Amino acid sequence: MPATSMAESMSPELLEVMERAKGPKFVFLSLAHLIDEAALTRAFHRIRKDAAVGVDGITKEQYGKELESHVPDLHERLRTMRWRHQPIRRVHIPKEKGKSRPIGISAFEDKIVQEALREVLEVIYEPLFRDFSYGFRKGRSAHDALRALNQVLYQGKGNWILELDVQSYFDSINRKMLMEMLRERVVDGSLLRLIGKCLHVGALDGEEYSEPDEGTAQGSVLSPILGNIYLHHVLDVWFERDVLPRLRKKASLIRFADDGVIAFECEDDARRVMAVIAKRFERYGLKLHPEKTRVVRFEQPRRCDPTGKGPGTFDFLGFTLFWRRSRRGHWVPRLKTRKARCRRFIVAVDEWCRCHRHDSTSEQHAALTRRIAGHFNYFGVNGNVPALLHVARACEVVWHKWLNRRSQRSRLSWTRFGALLRSFPLPRAQVRVQLWQPAS
């Protein structure tokens, strides 16, 4: 979101805080008064209409029917410190290799409070965040991080890549250390108390209730900004202050939330940082994955190199990066969808088609179009068309398979299915995001 749009949606008090926050050493003594009825109303309107419901089962539509009475009541409970965060509802999202990711869903009223807190924290910390941090920040996206990385690689400044993979990042954040980091910038006890209530909250997983001692619930409104603040101190500031001055040559850090890579010009620098970075993270309760955190040789091959591949590959934000020749024979960095991500998406489409094979064709088409378009909107970058074509063809095969199994009496031939696709076409595999200028 442009700075002008952000300013237009803020109160005069928040605009004043935003100006003072530009001073990197400015400490805020009084902020809780910013969580007023207007801030809570703005927070309500920013929450998605289709947001998952928490333990209270209340949707945005239901809460909004009596918004004029709910907001003053919520503000009064916040002002008199009678507000209590309800337990989060824990759900598990399937991952690769049979694993799952726990997601915490807060009650709707708690989402409003978290969103109002997020607005204040964002204004305070946005001026401090480094340019190489891209995750969960207005006006920045994963594609921007990939563009920045591609530029570093194209300029020959990424001969060696250090991949960073933090295990269960949001669940491992040390709450005490996080609060100490916040106190360096914010000393308003009332605001810190509200943040603490959002952190120290129980979780309801089915019928099992627990109260974790560490971490911030992944999936909550407040977790992204708190996670950015934590890694800002753990990694970003440390990298600029302590690492860069000790390196022989240049290095570049690119971070999107808890996913990051460091590009080095020489191998010695990469190995030295690799030897100390795990200890740095352990000091703050974080653990790097021993197999996924690695140093990869990624030098640009010589033009006379007879092989058709570069020295190595690495993964970042769902893509695999590699070297390949352009049409003029130059070696250029390119990326493609990770095989695991392609496979996971196709399996998800297959499962959806199986469960909804008896829905009407138009309903199936509309739902499949949304899913495939969402995949292409992210992975449809230049140079990645072959992976998109693979996904598009696989989705057609999957859809045909389950349409063909709707009846045991009649079969859906490929000729008839082709006619159906002409009436209900699926999204085309095409480039939707330009990460770089196409090489001639």
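In the predicted model, Phe316 has Phe319 in strand 10 as its bridge partner. Strands here are DSSP runs of E with at least two residues, helices are runs of H or I with at least four, and both are numbered from the N terminus. Strand 9 (residues 314–316) runs antiparallel to strand 10, with three bridges between them; two strands count as paired if DSSP finds at least two bridges. Two residues separate the strands of this hairpin, and Leu317 adopts a positive phi near 55°. Arg324 faces Val332 of strand 11. Five residues lie between strand 10 and strand 11, and Gly329 in that turn has a positive phi of about 90°. Because five of the seven residues of strand 10 (residues 319–325) are buried, this strand is largely enclosed by the rest of the structure. Buried means under 20% relative accessible area, exposed means over 50%, and partly exposed lies in between (1.4 Å probe, protein chains only).

Residues are numbered from 1 along each chain as its sequence is written, and side-chain values use heavy atoms, without hydrogens and water. As the model is predicted, local features need pLDDT of at least 70 and side-chain atom pairs count only at pLDDT 80 or more, whereas totals for chains, interfaces and linings use all residues.

Turning to the aromatic side chains, the structure contains 16 aromatic pairs. Rings of Phe, Tyr and Trp (its six-membered ring) pair if their centres lie within 6.5 Å; planes under 30 degrees apart are stacked, over 60 edge-to-face, and the rest tilted. The pair of Tyr63 and Phe108 is tilted because its planes stand at 50°, with ring centres 5.2 Å apart. This pair joins distant parts of the chain, with Tyr63 in helix 4 (residues 60–64) and Phe108 in helix 6 (residues 108–125), 45 residues apart. Tyr63 is buried at a relative accessible area of 5%, and Phe108 is buried at 3%. Tyr169 and Phe170 make an edge-to-face pair, since their planes are at 65°, and their centres are 5.1 Å apart. Both Tyr169 and Phe170 are buried. One aromatic cluster consists of Phe44, Tyr63 and Phe108.

Charged groups also meet rings. The charged end of Lys336 lies over the ring of Phe322, 5.3 Å from its centre, and that of Arg405 over the ring of Trp402, 5.0 Å from its centre. Such a contact requires NZ of Lys or CZ of Arg within 6 Å of the ring centre and within 35 degrees of the ring normal.
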